[in-house]
Amino acid sequence: MNILLDYFFPISSINPTPAASTAFLKQVLAVVAPKDAVPPGTITLCTSQSGVAALTDNLDVQQLFSAGMSRVYVLPLDGLDDLAAAIEGHESDFFTVLISSDFADADVTGDLDAGDFTGVIGVASTDDTYLGLQAAIENRAAFHSTSGNKAKNMFYAFGKMLSNALSWGNQQYITMPLADDVSTLGDCNALFDDKVSFVLDDSEFGKRLGLFACGGKAIVAPYIKRNLELDMQSAALTYVSGNQPAYTKVQAALLEDELQKVIALYVSRQWIEQGTVEVLLEQENFIASGYINISEPKALWRIFGEIRQTL
Amino acid sequence: MIFKIYNCDFGIKVSGTNYNFDHVMEVQIEDPEKNRLTRGSNATNKTGLVYKEGLKEPKKWSIPILNMSAELKLVLDAAYDEQTRVDVYCIDRTDGSSKMAKNAVLCNRPQQLTVDESTESMNVSMEFETFESTEQHKS
């Protein structure tokens, strides 16, 4: 054992913690029915459509690749009551779970148990009453579909959003692959009022995403919020591990400034409108209190206009 | 809240690492941004027109310090040479109120400009320019 150098000249080092990875926010898990001889309950990372086809006969998942994603987690399951156990421990692998058309509405209402998963869950159905109820659940995206198209449009819409590696976009009125039988203004308004996501079919502009929402909020809202949480946690950890601050008001102010920088970045990207951070030393030791206020990420989908004509 | 120099900690944040200034003489801040009023020469309007000037000029922070350590000299020289963006801070120890120059650049190479037997020769003057000079009061 070489001990002379360390005996003569011991050196201690302080290394700041690297930034946290947020790549999992762009990853998705597709829950499907397994093919014969495929054991259910195991999450597999598929990097091609043939990889998915080896696990399931479901065709919804292919739309994720068509939308631009290069890899997809696939979970073959016999029933949604096994979902919580299957995704336990994988919370940092993906932030979106899409329930494929292999599962009926009753499976979702009766059996869906996501356990500690706090990300976004997407469901598609032909029953708009059921979708209205689902759309009111926090972090739940309810997508209108038809029995022929199944959940393909929902998978495509999520694929488009998640395949953008740089930004978070609400995908307003992007071109969609299939028409889901929403071709009257009345249908559109009814779905919009319930905040059910849908594809409208316009005779001039074709198939367009008419609304993409999640729990009554902008689809990007839960993603941006989680992204911000991680970035702030990471910035604070990097600061503390790199600077080894004492428990002083000066250090609290400096830490506050580091966190405010993260919010300023989000504001400059127009992901949120504004936000404030306050770090206070309210405890006796070790723990500072952080008060973070941010505006909710919102999306502009429609304009109600009025023209007044003068004589 | 009024900042008192004997209550304040001063320093610079470079790439997330803080370097404190132990001996600060003073901080001088020049902010050219102003709201101004004008009106036509006929002088009938008593409200006038408001406009803002000095927006394209940066705010200037001047901080003379004493006894620049070798470590700080290395950091500041590198920041000057590479035009690194830095944050300069002045934080009140009693309540955490702060004045900060964010995304600032170091204008001059920090160096001792006089070498003689007077105490003034220990001064090293630093000048920073920024467009984001903040002042936050906590009490």
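## A tour of chains A and B

Begin at Lys150(A), which lies in the loop between β6 and α7 of chain A. The model on screen is a predicted one. Display the backbone here: phi of Lys150(A) is near 55°, a positive value in a residue other than glycine.

Next, select Asn139(A), in the loop that links α6 (128-135) to β6 of chain A. This residue, likewise not a glycine, has a positive phi, near 60°.

**The sheet of chain A**

Now colour the strands of chain A. An open sheet is formed by 6 strands, in the order β2-β3-β1-β4-β5-β6, with mixed pairing. The edges are held by β2 (44-46) and β6 (140-144), each of which has a single partner strand, so one side of each is left without a neighbour in the sheet. Viewed along the sheet, neighbouring strands are turned against each other by 25° on average, direction ignored.

Select residues 28-32 and 72-76 of chain A, which are strands β1 and β3; the two run parallel and are joined by 4 bridges. Within this pair, Val31(A) has Leu75(A) of β3(A) as its bridge partner. As background, strands of a sheet pair through backbone hydrogen bonds, either parallel or antiparallel.

**The interface with chain B**

Turn to the boundary between the two chains. Here 17 residues of chain B are in contact with 12 residues of chain A. The area buried between chain B and chain A is about 1,200 Å², and carbon and sulfur atoms give 48% of it. Select Lys13(B), Asn18(B) and Lys138(B): in chain B, these lose the most area to chain A, together 35% of what that side buries.

Show the side chains next. Between chain B and chain A there are 5 salt bridges. In one salt bridge, the side chains of Asp257(A) and Lys102(B) meet at 2.9 Å, N to O.

Finally, colour chain B by strand. At least two residues of the side that touches chain A come from each of β1 (8-14), β2 (17-21), β7 (86-92) and β8 (98-106) of chain B. The most is given by β7(B), with 4 residues. By residue class, the side of chain B that touches chain A divides into 3 nonpolar, 6 polar and 8 charged residues.

Note on methods:
Residues are numbered from 1 along each chain as its sequence is written. Chains are lettered from A and ligands numbered from 1 in the order in which they are written. This is a predicted model: local features need pLDDT of at least 70, side-chain atom pairs count only at pLDDT 80 or more; totals for chains, interfaces and linings use all residues. Side-chain values use heavy atoms; hydrogens and water are left out. Two strands pair if DSSP finds at least two bridges between them. Axes are lines fitted to C-alpha atoms, for helices over the stretch in contact, and angles run from 0 to 180 degrees between N-to-C directions. Contact means heavy atoms within 4.5 Å. Buried area is the accessible area (1.4 Å probe) that two parts lose on being put together, summed over both. A salt bridge is a side-chain nitrogen of Lys or Arg within 4 Å of a carboxyl oxygen of Asp or Glu. Ala, Val, Leu, Ile, Met, Phe, Trp, Tyr, Cys and Pro count as nonpolar, Asp, Glu, Lys and Arg as charged, and the others, Gly among them, as polar.
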